[in-house]
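Let's take a walk through a protein model together, helix by helix. Have your viewer ready.

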Amino acid sequence: EQFRLWQAVLPLFRTRGDLTASIKSTQAQLLEKQNQTEQAGVIYMEIIQKYADAGPFVLPALQKAEDALVSLKREQNVPKLYQLAWSATKPPRSTAPDIAAQSNWSKIGKLLEKKLKAAGETEEAQKVEQKMQSQLNG
């Protein structure tokens with residue numbers, strides 16, 4: 001019932017990515033409570049793909065999507081998830097280290113690098129690190 005209520009108000013906030021992502025996150029959490037992990041994961045993926053640069057809520061959505069993959073025994077897709085999320089973000093405009101480090105692009109890039117290393121994909125992890133250094137150092 002709560003899920004349907006949120007679904008009904010969702011069109012009111014279509015122009016606000018932050019609020020839409022927040023509503024979607026709430027819906028996914030409701031599905032998780034009902035053990036509908038795959039459906040919740042689909043919603044988290046939508047948040048990641050459509051709202052990656054709209055605010056900080058993409059990071060918890062990314063973690064929840066990873067948790068769903070692990071729960072569904074699809075751990076091998078975790079690096080792909082982070083690659084998808086990173087490609088959905090834009091590099092920061094500012095190259096000031098403190099500001100750039102706070103961008104979703106930087107945060108997700110670091111997480112991607114870590115996930116690639118954990119998966120034994122060190123060459124890909126180095127490419128991510130190099131791209132980040134190149135972007136942030138001009």
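Predicted model: local features only at pLDDT ≥ 70, side-chain atom pairs only at ≥ 80, totals over all residues.

Residues are numbered from 1 along each chain as its sequence is written, and side-chain values use heavy atoms, with hydrogens and water left out.

Let's begin with helix H3 (residues 37-51) and helix H4 (residues 58-71), which pack at an angle of about 145 degrees with their axes 9 Å apart. Helices here are DSSP runs (H or I, at least four residues), numbered from the N terminus. Axes are lines fitted to C-alpha atoms over the stretch in contact, and angles run from 0 to 180 degrees between N-to-C directions. The crossing of H3 and H4 is left-handed, a term for a near helix turned anticlockwise from the far one by less than a right angle. On the H3 side, the contact (heavy atoms within 4.5 Å) is made by Thr37, Gly41, Tyr44, Met45, Ile47, Ile48 and Tyr51. H4 brings Val58, Ala61, Leu62, Lys64, Ala65, Ala68 and Ser71. Sorted by class, the contact of H3 with H4 has 10 nonpolar, 3 polar and 1 charged residues. In this sorting, Ala, Val, Leu, Ile, Met, Phe, Trp, Tyr, Cys and Pro count as nonpolar, Asp, Glu, Lys and Arg as charged, and the others, Gly among them, as polar.

H3 also packs with H5, at an angle of about 35 degrees and with the axes 7 Å apart. The crossing of H3 and H5 is left-handed. Met45, Ile48 and Gln49 of H3 meet Leu81, Leu84 and Ala85 of H5 there, a set that divides into 5 nonpolar, 1 polar and no charged residues.

Now turn to helix H5 (residues 78-87) itself, where Val78, Pro79, Leu81, Tyr82, Ala85 and Trp86 are buried. Buried means under 20% relative accessible area and exposed over 50%, with partly exposed in between (1.4 Å probe, protein chains only). Seen down the axis of H5, the buried residues fall within an arc of 155 degrees, so they line one face of the helix; the arc is that of the directions from the helix axis to the C-beta atoms. The face turned away from the buried side of H5 carries the exposed residues Lys80 and Ser87. What do the buried residues of H5 pack against? Their partners are H3, H4, helix H7 (104-118) and helix H8 (122-136).

Tyr82 of H5 counts as buried because its relative accessibility is 2%. Beyond its neighbours within four places in sequence, Tyr82 is in contact with Leu62, Gln63, Glu66, Ile108, Leu111, Leu112 and Lys115.

Asn104 is found in helix H7 and has a relative accessible area of 10%. The side chain of Asn104 reaches the backbone oxygen of Gly55 at 2.9 Å. Leaving aside neighbours within four places in sequence, the contacts of Asn104 include Ala52, Asp53, Pro56 and Thr89.

Thr20, in helix H2 (residues 17-33), is buried with a relative accessible area of 0%. A polar atom of the Thr20 side chain lies 2.7 Å from the backbone oxygen of Phe13.

Note on methods:
Helix = DSSP H or I, 4+ residues; strand = E, 2+ residues; numbered from the N terminus. Polar contact = N/O pair within 3.5 Å; in protein donor to acceptor, adjacent residues only side chain to side chain.
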